[in-house]
Amino acid sequence: MALTLYVDTTRWRAHHKQVLEQFPGLVPVCKGNGYGFGHERLADEATRFGSDMLAVGTTYEAARIKDWFSGDLLVLTPFRRGEEPVPLPDRVIRSVSSVEGVHGLVGARVVIEVMSSMKRHGVSEQELGQLHAAIEDVRLEGFGIHLPLDRTDGSDAVEEVIQWMDRLRAARLPLHTMFVSHLSAQELARLQQQFPQTRFRARIGTRLWLGDHDATEYRGSVLDVTRVAKGERFGYRQQKTASDGYLVVVAGGTSHGVGLEAPKALHGVMPRAKGVARAGLATVNRNLAPFVWAGKQRWFAEPPHMQVSILFVPSDAPEPKVGEELVAHLRHTTTQFDRLVDR
């Protein structure tokens, strides 16, 4: 009995093919928990569709994935002096976001990140003059820019990249390759048309692996079902049931990521109102579970346990049976499955 990730493999791979056609030279990203699929599976998929490079989040991920992927590995987290050394093969490329960092990677293969409107990290325009001497001691694979997802000020992502291309060109720095993130296929095509001598490579993770939501589905197995009457006590905290119904024990708990939620950026009155409503319900121990039964998302009877969750299903709904599976609406990047089934 398990929390299972079902993958419609034919459909999933058809989506990969579509994205790869839209973004020539795409660099697939495999970081964190492997977007819910695991590092090994995504490394296999990247090999299958012929990628020459795979981007990972950290040096520790690169050390794990190097035995599963034989091409180049691009580490996205920038190098910092004093970081713990991790033994890595020469095919690993380090991102670097400062002139000091470039000086600390003598002989290494590097991608130099420039400071975008994200303002997360990157070389500033004022530092470009110092890069000439610094890049003589490294093997420069190209420059990179990581762009924001939303542009609430109405600015143009392409224009931001063009401004940086112009700055790099004015500083007489090599522009053979530019790694970009969070551009559409149309935006990438505009850049390629304007700078035909530069190879633009899109680093893509979410859109590639998770872009077709109907290609994957989580399901948790029903482990036990207990009929309860209104007022009966149950669970670790011995709460009382609010009405007649069923306590349903389903595979999937905190160790799987069930009950965990990343903060969301809320825009508009309605999403904020819903957020306030959810917070209000939580104060009286009413928390909506990700599991669906009989067409409705059900409530947690109590907070999820480590490997299972206990749901409350009211008596006016059909009684779940042990061995049945409940669809679970879970976020891939925070979920750890027990098993993956291709179908």
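Which elements each supply at least two residues of the lining of the second largest pocket? The legends below take up this pocket, a cavity and one arginine in a predicted model.

**View 1. Lining of the second largest pocket, with β8, β9 and α8.** Strand β8 (177-181), strand β9 (199-204) and helix α8 (206-210) each give at least two lining residues. The largest share, three residues, belongs to β9. The pocket holds about 740 Å³ of space. By class, the lining comprises 12 nonpolar, 11 polar and six charged residues.

**View 2. The largest cavity and its lining residues.** One cavity of 30 Å³ or more turns up in a search of the whole structure. Glu113, Val114, Ser116, Met118, Arg120, His121, Ile145 and His146 form the lining. Three of these residues are nonpolar, three polar and two charged.

**View 3. Arg203 in strand β9.** Arg203 counts as buried because its relative accessibility is 6%, under the 20% cut-off. Its side chain makes a polar contact with the side chain of Ser181, at 3.0 Å. A polar atom of the Arg203 side chain also lies 3.2 Å from the backbone oxygen of Ile145.

**View 4. Residues touching Arg203.** Leaving aside residues up to four places away in sequence, Arg203 touches Val27, Val29, Leu74, Leu76, Glu113, Gly144, Ile145, His146, Phe179, Val180 and Ser181.

Conventions:
Residues numbered from 1 in each chain as written. Predicted model: local features only at pLDDT ≥ 70, side-chain atom pairs only at ≥ 80, totals over all residues. Heavy atoms only, no water. 1 Å grid on protein atoms, 1.4 Å probe; cavity = no way out; pocket = protein on both sides within 12 Å on 5 of 7 lines; lining within 4 Å. Points joined across faces, edges and corners; volume = space filled by probe spheres on them. Nonpolar A, V, L, I, M, F, W, Y, C, P; charged D, E, K, R; others polar. Helix = DSSP H or I, 4+ residues; strand = E, 2+ residues; numbered from the N terminus. Buried < 20%, exposed > 50% of the residue type's maximum accessible area, 1.4 Å probe, protein only. Polar contact = N/O pair within 3.5 Å; in protein donor to acceptor, adjacent residues only side chain to side chain. Contact = heavy atoms within 4.5 Å.
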